[in-house]
Amino acid sequence: MDFLTNDKLVIVGAAGMIGSNMAQTAMMMRLTPNICLYDPYAPALKGVAEELYHCGFDGFNLTYTSDVAEALTGAAYIVNSGGAARKAGMTREDLLKGNAQIAEQFGKDVRTYCPDVKHIVVIFNPADITGLITLLYSGLKPSQVSTLAALDSTRLRSELAQYFKISPDSVKNCRTYGGHGEQMAVYASTATVDGRALTDLIGTEELPLEDWEALKLRVVQGGKNIIDLRGRSSFQSPAYVSIEMIAAAMGGKPFTWPVGTYVNDAHFQHVMMAMETTIDATGTHYHEVEGTAEERQALEQSYHHLCTLRDEVIAMGVLPPISEWHALNSNID
């Protein structure tokens, strides 16, 4: 039976809705026969494992454990959804303190138990910050840690497809950059709708300016909208997209939606943020984005918001001052 790799994949937070969906998706996609489910909450974890056994998948060595050392030892790939979930009335940033501490311990555990891990996808919120903390404490290279930001771009595609009543396949190159939060920068200049530039449609009868602004707001508040509709935070879409990300790192089809990656260049310093990225078997690669003056301003605002969150985490004592980051992780400039 063909698998993408035989390397060990660990799903952290596997007892939760996102984690359990990630595990099933990874098995359905036949990424690797060696999947380990980890969660501190043992009863629910056992329930997830039992359900997956009952699916009758062939060829798998599916294991589960609430012992972090057992889970991470020998891990080549990890997807982590193991933070607290966002609830009604909460922003991603409301989760900051508790999940920052969880990310710190996770990074330390990676350094201790699987320093040779090849790639980690971090998806628990605020992912820009939890991914940054994971990177710093794990000792990994920036290309080895990515965060889930693609969901914002897929939501833009979905909203445009629904608005114009066309197939999502006819909406191309939708992009949001910056933070995975309500301060994200939504780009129109990259996208086409049924072969036409989105910027040529905005402000016309086909897409009046007020409709475009309302559509952008739905994208920015996409997670909140799911909570309002379902009474709980998203789990199907982040589970699928994050497994597509780790599949690319395993050597599958490259992942070309924007993801969160560590950025330290002439314009943006010492943050994890969504850029124009590709994930492949050699890791995450990015280049700076362009756009209109208005879009660039929105990206700058998103960046400054991320800097504020980062500095809050430093003030909490979860991260050291930036000047000490290289001493913590020699791969960080």
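This is a predicted model: local features need pLDDT of at least 70, side-chain atom pairs count only at pLDDT 80 or more; totals for chains, interfaces and linings use all residues.
Helices are DSSP runs of at least four residues, numbered from the N terminus.

**The largest pocket**

The largest pocket holds about 670 Å³ of space. Its lining is made up of 26 residues. Those nearest the centre of the pocket are Leu151, Thr154, Ser237, Tyr240 and Val241. Sorted by class, the lining contains 10 nonpolar, nine polar and seven charged residues.

Four helices each give at least two residues to this lining: H6 (150-164), H8 (209-220), H9 (222-230) and H10 (236-249). Helix H6 provides the largest share, with seven residues.

**Backbone features in loops**

The peptide bond that joins Asn125 to Pro126 is cis, and its omega is near -10 degrees. Pro126 sits in the loop that runs between strand E5 (119-122) and helix H5 (127-138).

Two residues that are not glycines, Asp194 and His270, have a positive phi. Their values are set out here.

| Residue | Phi | Relative accessibility |
|---|---|---|
| Asp194 | about 55 degrees | 53% |
| His270 | about 60 degrees | 17% |

Asp194 is found in the loop between strand E10 (192-193) and strand E11 (196-197). Asp194 counts as exposed because its relative accessibility is 53%, and exposed means over 50%.

His270 belongs to the loop between strand E12 (260-263) and strand E13 (271-274). His270 counts as buried because its relative accessibility is 17%, and buried means under 20%.

Note on methods: Residues are numbered from 1 along each chain as its sequence is written. Side-chain values use heavy atoms; hydrogens and water are left out. Buried means under 20% relative accessible area, exposed over 50%, partly exposed in between (1.4 Å probe, protein chains only). On a 1 Å grid over the protein atoms alone, a cavity is a set of points where a 1.4 Å probe fits but cannot get out, and a pocket is an open set with protein on both sides within 12 Å along at least five of seven lines; lining residues have an atom within 4 Å of a point. Grid points are joined across faces, edges and corners, and a volume is the space filled by probe spheres set on the points. Ala, Val, Leu, Ile, Met, Phe, Trp, Tyr, Cys and Pro count as nonpolar, Asp, Glu, Lys and Arg as charged, and the others, Gly among them, as polar.
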